[in-house]
Amino acid sequence: RKPAGAPDPSLARAVTKVGVIGAGLMAGQIALLFAQRLHVPVVLTDVDQARLDKGVAGVHRKIADRAAQRKMTPDEANRLTALVTGSLDYQAFSDADFVIEAVFEELGAKKEVFARLEQVIPADAVLATNTSSLSITAMSADLQHPERVIGFHFFNPISVMPLLEIVRTAATSDGTAATALSVAKTLKKGPIFTSDSPAFVVNRLLTRFMGEIIAAIDEGTDPAVADAALAPLGLPMTPIMLLQLVGPAVALHVTETLHEAFPDRFTVSENLRRIVDAGARTLVSWTETGQQILDPDIAALWQ
Ligand code: 3HC
């Protein structure tokens with residue numbers, strides 16, 4: 001198959017307003033990055049006012065924190081705060097050039113968002129998705145203009161991770177890909193182009209890496225011992241810490257998608273499923289001496 005490569009940069013369109021669908025943790029980080037690097041208005045939306053207000057307030061708080069840490073000037077913080085707003089009305093996207101969805105990982109929900117957006121966004125606007133592993137071809141299958149859909153997959157923490165997967169489907173136009181590439185560069189990311197295969201590239205590797213540690217624990221190795229085993233290699237985070245950063249539910253979803261696509265290569269840990277079902281988000285904690293330990297509740301869930 002022809003590799004999904006970089007397009008002709010001269011086809012890129014200017015972006016003067018951005019929409020972010022979803023106001024959760026990822027969406028907030030994305031909105032902040034766009035406002036900071038593109039210097040354009042960014043409008044967030046969510047399914048209800050309470051979630052939206054919480055999301056926008058979270059972004060404004062993060063800006064205030066950065067100003068307090070002197071990572072930006074008060075003027076810059078005021079400018080950024082004014083750029084990030086929220087609206088429940090999709091008409092707010094009628095003049096957006098680039099809209100990215102970061103709603104929960106459910107194909108139906110994402111399709112619904114895209115169908116609604118298609119009714120309001122300008123004809124040449126880009127419709128991007130931050131999905132970790134869902135098929136972007138399936139997401140755009142019922143749209144009138146699948147050529148403007150593209151994957152734009154960030155990595156946690158979005159402010160610092162340079163990696164960005166730009167995912168083209170067979171229908172994605174060169175203009176859409178060129179605009180996505182130009183936006184990625186303005187965001188100061190180092191994008192790679194991938195095909196629309198299950199979990200693209202990076203999450204396949206990460207899932208394999210984290211999956212093997214989880215399997216070792218499932219097979220009886222003490223969780224703290226298994227998690228600390230790779231520390232001498234100088235990795236920035238242990239696998240369980242990475243699992244916490246990504247979110248156990250997201251990690252489970254990616255693993256399930258990969259298991260469905262490649263059952264002989266990816267297995268789903270029943271212990272991971274149990275941890276997600278228990279609603280656990282904090283997997284590791286720190287002792288008073290700064291040592292990282294597996295949360296006792298999580299260790300107890302591991303059977
Ligand atoms: N949890 C959440 N955020 C963290 C964090 C943690 N444990 N540690 C640091 N951060 C955030 C900080 O809040 C800060 O955010 P800000 O820029 O918005 O203020 C930012 O990271 C930088 O913090 P530091 O300067 O203290 O950075 P460090 O030098 O401590 O490095 C790190 C932190 C960059 C997170 C480093 O530990 C690292 O590279 N870890 C690996 C991260 C990784 O592999 N990410 C990929 C996840 S996979 C994914 O997201 C894909 C998805 O589809 C599943």
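An axis is a line fitted to C-alpha atoms, for a helix over the stretch in contact, and the angle between two axes runs from 0 to 180 degrees between their N-to-C directions. The views below all come from a predicted model.

**View 1. Helices α10 and α11 cross at roughly 140°.**
Helix α10 spans residues 248-261 and helix α11 spans residues 270-277; their axes come within 9 Å. An angle must be over 145 degrees to count as roughly antiparallel, and α10 and α11 are therefore oblique to each other. In this left-handed crossing α10 passes α11. On the α10 side the contact is made by Pro 248, Ala 249 and Leu 252, and on the α11 side by Leu 272, Arg 273, Ile 275 and Val 276. Sorted by class, these residues comprise six nonpolar, no polar and one charged.

**View 2. Helices α1 and α2 pack with their axes 9 Å apart.**
Helix α1 covers residues 25-38, helix α2 covers residues 49-68, and the angle of packing is about 50°. Such an angle falls between the limit of 35 degrees for roughly parallel helices and the start of the roughly perpendicular range at 65, so α1 and α2 are oblique to each other. The crossing in which α1 passes α2 is right-handed. From α1, the residues Ala 27, Gly 28, Ala 31 and Leu 32 take part in the contact, while α2 contributes Gly 55, Gly 58, Val 59, Lys 62 and Ile 63. The contact of α1 with α2 divides into five nonpolar, three polar and one charged residue.

**View 3. His 39 has a positive phi value.**
The phi angle of His 39 is near 55°, and this residue is not a glycine. His 39 belongs to the loop that lies between α1 and β2, the latter being residues 42-45.

**View 4. Eight strands form an open sheet with mixed pairing.**
Strands of a sheet pair through backbone hydrogen bonds, in either a parallel or an antiparallel manner. In this model the strands follow the order β3-β2-β1-β4-β5-β6-β7-β8.

**View 5. Strands β5 and β6 run parallel.**
Strand β5 comprises residues 126-129 and strand β6 comprises residues 149-154, and three bridges join them. Ala 128 has Ile 150 of β6 as its bridge partner.

**View 6. The peptide bond from Asn 156 to Pro 157 is cis.**
The omega angle of this bond is near -15°. Pro 157 is placed in the loop between β6 and β7, where β7 is residues 163-168. Both Asn 156 and Pro 157 are among the residues that come nearest to the ligand.

**View 7. A shell of 15 residues lies around the ligand.**
Which residues come nearest to the ligand? They are Ser 132, Asn 156, Pro 157, Ser 159 and Pro 236. Helices α7 (202-218) and α9 (239-246) each supply at least two residues of the shell. The largest share, three residues, comes from α9. By class, the shell holds eleven nonpolar, four polar and no charged residues.

**View 8. Helices α7 and α9, which both contribute to the ligand shell, pack at an angle of about 120°.**
The axes of α7 and α9 are 10 Å apart. The roughly perpendicular range ends at 115 degrees and the roughly antiparallel range begins over 145; α7 and α9 are therefore oblique to each other. Their crossing is left-handed. In the contact, Phe 209, Met 210 and Ile 213 of α7 meet Pro 239, Leu 242 and Leu 243 of α9. The class count for the contact of α7 with α9 is six nonpolar, no polar and no charged residues.

Conventions: Residues are numbered from 1 along each chain as its sequence is written. This is a predicted model: local features need pLDDT of at least 70, side-chain atom pairs count only at pLDDT 80 or more; totals for chains, interfaces and linings use all residues. Helices (H or I, at least four residues) and strands (E, at least two) are DSSP runs, numbered from the N terminus. A crossing is left-handed if the near helix is turned anticlockwise from the far one by less than a right angle, and right-handed if clockwise. Two residues are in contact if their C-beta atoms, placed from the backbone, lie within 7 Å. Ala, Val, Leu, Ile, Met, Phe, Trp, Tyr, Cys and Pro count as nonpolar, Asp, Glu, Lys and Arg as charged, and the others, Gly among them, as polar. Two strands pair if DSSP finds at least two bridges between them. A residue is near a molecule or strand if its C-beta atom, placed from the backbone, lies within 6 Å of it.
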